[in-house]
Amino acid sequence: MTQHCVTLLGSTGSIGDSTLDVIARHPDRFSIHALTAHRNWEKLAEQCVRFAPHVAVVGDARTAMQLQARLREAGCATRVDYGRDALAAAASDAACNTVVAAIVGAAGLEPTLAAARAGKRILLANKEALVMSGALFMDTVYASGAALLPVDSEHNAIFQCFPREPGLRGAVTRIQLTASGGPFRLREPATLVHVTPEQACKHPNWVMGRKISVDSATMMNKGLEVIEARWLFDLRPEQIDVLIHPQSVIHSLVSYADGSTLAQLGHPDMRTPIAHALAFPTRIVSGVESLDLAQVATLTFEPPDYERFPCLALALQALRDGGSASTVLNAANEVAVEAFLARHIGFTAIAAVVSDVLEQVQADVATTLDAVLDVDTQARRAAQEALTRHRTRDRSSVRGGAAASQLG
């Protein structure tokens, strides 16, 4: 049995929680080399006491001091580091052979790329690594001999249904990523201007962080997943479809030239794809019960509504445009979602800000990490300027939405 020594990037988020839950069930298979968080040092301290990693990494010196003090009180010998360089070092350290990339957003790109350069076995839950730098990231994986295993439920489902032999991959005609449709699948598009952060974060099926929950509500998350799938499975944009499936039981489908379509089914619980990727090519207990289709009873499907979900349309267009358009898309979306969660803009302004930035920022091909980060910076600057316009325009709707939330 192979012993995996794991570095978990983003251990205090929902993916981190699920990963540690699976690992705790199999102490004979997995040990922890490093746990990382940005500023949530209290939760990270609890994890360090329980799992005794060699190192813990946080975002800044003050947070590191707070964590170190708590660990000393608890008698925990975990070393504490901080900053971007320490994060990359934890991801590339020779002491670990497996890296779970679960940092949300662009912040996860550099340490995940460091893990790829070091030839690690990478369990990828940070889709932005491929959205921002698809060609660069995949070239690094191939050059270093790293192993890339998708953890997102949709990509893991495709991976399970995809042919293993490279010579058979030409038989795949298309893939379909399923989407629940989020909390606003049936809501009239004209009323979305009044959506509050609390409503947007209330996903009907999945328990996720606030940023990802908003991305799911706008369906930007699904657009980012389409871009990620293009790079993971080396497919053309026209081979990738999105299918609304409210029950979140079928996680994705792969269609073949002979007319066959294979699907992966399971409960909407991230421990299933995490356990699959951690133990691949074997199977281990995840803590998730087997699916009872008689109890599920009904599975329904429908095409996405691009009027209701303009962010999905923007993401698909960015994929078709190529170059660094998806880097621009991701940066603008991160800025806009943060502003929405802070109640500075309304829900529908997220798509408006992203659209503005895609029109303003030139999306040339970026072939180095520095070039990718430069595009990211330009897009964020343009997004901040766009926020000024949309903040004024949406101020009344944001106030109205907040009032409606308090009354409801």
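**Note on pockets, a cavity and helix packing**

1. The largest share of the lining of the second largest pocket, 4 residues, comes from β7, where a strand is a DSSP run of E of at least two residues, a helix is a run of H or I of at least four, and both are numbered from the N terminus. This is a predicted model, in which local features need pLDDT of at least 70 and side-chain atom pairs count only at pLDDT 80 or more, while totals for chains, interfaces and linings use all residues. Residues are numbered from 1 along each chain as its sequence is written, and side-chain values use heavy atoms, with hydrogens and water left out.

2. The second largest pocket has a volume of about 400 Å³, and of the 18 residues that line the second largest pocket, Tyr-142, Leu-148, Phe-159, Arg-169 and Leu-232 are the closest to its centre. On a 1 Å grid over the protein atoms alone, a pocket is an open set of points with protein on both sides within 12 Å along at least five of seven lines, a cavity is a set of points where a 1.4 Å probe fits but cannot get out, and lining residues have an atom within 4 Å of a point. Grid points are joined across faces, edges and corners, and a volume is the space filled by probe spheres set on the points. Besides β7 (147-150), α6 (128-144) also supplies at least two residues of this lining. By class, the lining of the second largest pocket has 14 nonpolar, 1 polar and 3 charged residues; here Ala, Val, Leu, Ile, Met, Phe, Trp, Tyr, Cys and Pro count as nonpolar, Asp, Glu, Lys and Arg as charged, and the others, Gly among them, as polar.

3. The largest pocket holds about 1,100 Å³ of space and is lined by 37 residues, of which His-38, Ile-103, Val-104, Gly-105 and Ala-107 lie nearest its centre. Among the elements that each supply at least two residues of the lining of the largest pocket are α1, β3 (55-58), α9 and α16 (369-407). The lining of the largest pocket divides into 17 nonpolar, 11 polar and 9 charged residues.

4. The structure also holds 3 cavities of 30 Å³ or more, and about 460 Å³ of space lies in the largest cavity. The largest cavity is lined by 35 residues, and the closest to its centre are Glu-154, Met-208, Ile-212, Asn-221 and Glu-225. Helix α9 gives the most to the lining of the largest cavity, with 4 residues, and the lining as a whole has 13 nonpolar, 14 polar and 8 charged residues.

5. What is the angle between the axes of α9 and α10? The axes of α9 and α10 come within 5 Å and cross at roughly 90°, an axis being a line fitted to C-alpha atoms, for helices over the stretch in contact, with angles running from 0 to 180 degrees between N-to-C directions. The two helices α9 and α10 are therefore roughly perpendicular to each other, since angles of 65 to 115 degrees count as roughly perpendicular, under 35 as roughly parallel, over 145 as roughly antiparallel and the rest as oblique. Ile-212, Asp-215, Ser-216 and Thr-218 of α9 are in contact with Met-220, Asn-221 and Leu-224 of α10, where contact means heavy atoms within 4.5 Å.

6. Helix α9 also packs against α14, at an angle of about 105° and with the axes 10 Å apart, and α9 and α14 are therefore roughly perpendicular to each other. In this pair, Arg-210, Lys-211, Val-214 and Asp-215 in α9 meet Asn-333, Glu-334, Val-337, Phe-340 and Leu-341 in α14, and the residues of the contact divide into 4 nonpolar, 1 polar and 4 charged.

7. Helix α10 packs with helix α13 (residues 310-321) at an angle of about 20°, with their axes 7 Å apart, which makes α10 roughly parallel to α13. The residues of α10 that meet α13 include Leu-224, Val-226 and Ile-227, and those of α13 include Ala-315 and Leu-319. By class, this contact has 9 nonpolar, 1 polar and 2 charged residues.

8. Two backbone details deserve a look. A cis peptide bond, with omega about 10°, joins Phe-280 and Pro-281, and Pro-281 is found in the loop between α11 (271-279) and α12 (293-296). Ser-248, in the loop between β9 (240-244) and β10, has a positive phi near 55° although Ser-248 is a residue other than glycine. Most residues other than glycine have a negative phi, and most peptide bonds are trans.
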